[in-house]
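Have the structure open beside you as you read.

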Amino acid sequence: MTTISYLTYFPVRCSSSRDSHDSNKQKLSSIKINGTSTKTATKVDMAAGVATRNDFVTEQQARQNIPTTKQSVDHFRQAFSIEGGVGYRQRVVIRSYEVGPDKTATLESILNLLQETALNHVWMSGLLSDGFGATHEMMKNDLIWVVSRMQVQVDQYPIWGEVLEIDTWVQASGKNGMKRDWLIRSQATGHIFARATSTWVMMNQKTRRLSKMPEGVRGEIAPWFIQKQAIPDDVPDKIVKLDNNAKYVNNDLKPKRSDLDMNQHVNNVKYVRWMLETIPDNILESHQLTGITLEYRKECGSSDIVQSLCDPDKDGMLIEGLKQENHDTSLLNGFSLGAGILENSVFLGSLEKQPFRYTHLLQTTGNHKDEEIVRGRTVWKKKPEPSPFASM
């Protein structure tokens, strides 16, 4: 498992109805992109929000302006509560540094937005204690959240400059866990771009052992639980553990200082980057990632040396083989295409319309016994053909 306490209280086919989407436009319309209200309505009073229970305010608390009472609107983050006051919606704009060469948001950018909105949800709840996501009762018990599983489904990637609305909410997961879900939609059209869900458990920060949920913590967070699913529950396929016979292997990956989070552990977005770097370039150029599932096993620290393993499923192996065969034969024959190549191309075109998967594993290597950090599965589909008018 991995520790990401600043995502805590973390934790997209579920969406608010179109009526719900429209009914909230009035709230959003009163918020400018720079975070100031366009109306003269009274701003949220944060003076009482930053006071702790003993009325002692540290410099950090004052600078972060962390409220201790529930807020309904956050003008600076362009956000407000939904779902009867227990859900959260934030408007964001895709910035230039969040897109790739095709001018669409990268998966890493989407994951960062999920992290940020999750923490902002806790901020508005008034439960945020240390600024990293733990509640007041969690801090009393030296508890933090750790994510055990995460799944993201992407229908379409937003483009540079596009305005998004991101909804997030939480619900119970068994007796001692919690689920957090997200929904990402276009603010202009209401089209759903992505859905995500994650499962969280508690860990003692000192002993690094998993913990049951104390009644005090349950009393804090249970009122925020709602029965709503971003991705319908199903029996997840077991992600098998890869070994050194995997087709693609990257060795000696070393975390950089910039890869560490507030807990001095590698951020989970970096895990995804390490995984995707093992995918062949020709697949990255011709296909787009439509789904990713991560199962966390342990933390990764700054001194760890990491190995990234990747293996395609049968369809992925076939696509890779036919692509390479066509490429090599084309180089040999110049611009002439034999009947065999044409036959392969037709078959490849038909096969590429179907999604295929890769299995991933990140593990520590070196002096210690190899230990799993995270298992993963990615799903890919062929990119849509560019419009003939795209460059006009």
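Start with the largest pocket, whose lining draws at least three residues from each of domain 1 (64-233) and domain 2 (237-322 + 353-385). The domain bounds come from an automatic or database domain assignment. Please keep in mind that this is a predicted model, in which local features need pLDDT of at least 70 and side-chain atom pairs count only at pLDDT 80 or more, while totals for chains, interfaces and linings use all residues. Residues are numbered from 1 along each chain as its sequence is written, and side-chain values use heavy atoms, with hydrogens and water left out.

How much space lies in the largest pocket? About 700 Å³. Of the 22 residues that line the largest pocket, Asp102, Thr104, Thr106, Leu284 and Lys383 are the closest to its centre. A pocket, on a 1 Å grid over the protein atoms alone, is an open set of points with protein on both sides within 12 Å along at least five of seven lines; a cavity is a set of points where a 1.4 Å probe fits but cannot get out, and lining residues have an atom within 4 Å of a point. Grid points are joined across faces, edges and corners, and a volume is the space filled by probe spheres set on the points.

Helices (H or I, at least four residues) and strands (E, at least two) are DSSP runs, numbered from the N terminus. By class, the lining of the largest pocket holds nine nonpolar, six polar and seven charged residues. Here Ala, Val, Leu, Ile, Met, Phe, Trp, Tyr, Cys and Pro count as nonpolar, Asp, Glu, Lys and Arg as charged, and the others, Gly among them, as polar.

Now move to the second largest pocket, with about 360 Å³ of space. Its lining has 19 residues, and the closest to its centre are Gln151, Gln153, Gly291, Thr293 and Val379. Two or more lining residues come from each of β5 (143-154), β8 (192-204), β11 and β14 (371-382); the largest share, five residues, is that of β5. This second largest pocket lies between domain 1 and domain 2, because both give residues to its lining. Seven of its lining residues are nonpolar, five polar and seven charged.

The largest cavity holds about 40 Å³ of space. Its lining includes Lys70, Ser81, Tyr88, His121 and Trp224. Both β4 and α4 give two or more residues to this lining, with the largest share, three residues, coming from α4. The lining of the largest cavity has three nonpolar, six polar and one charged residue.

Finally, some single residues. Gln78, in the loop between β2 (73-74) and β3 (79-82), has a positive phi of about 55 degrees although it is not a glycine. Glu83, in the loop between β3 and β4 (87-93), also has a positive phi of about 55 degrees without being a glycine. Are these residues buried or exposed? Gln78 counts as buried at 10% relative accessibility, whereas Glu83, at 32%, counts as partly exposed. Buried means under 20% relative accessible area, exposed over 50%, and partly exposed in between (1.4 Å probe, protein chains only). Glu165, in strand β6 (residues 163-173), is buried at 1% relative accessibility. The C-alpha atoms of Glu165 and Val92 are separated by 6.5 Å, although the two are 73 residues apart along the chain.
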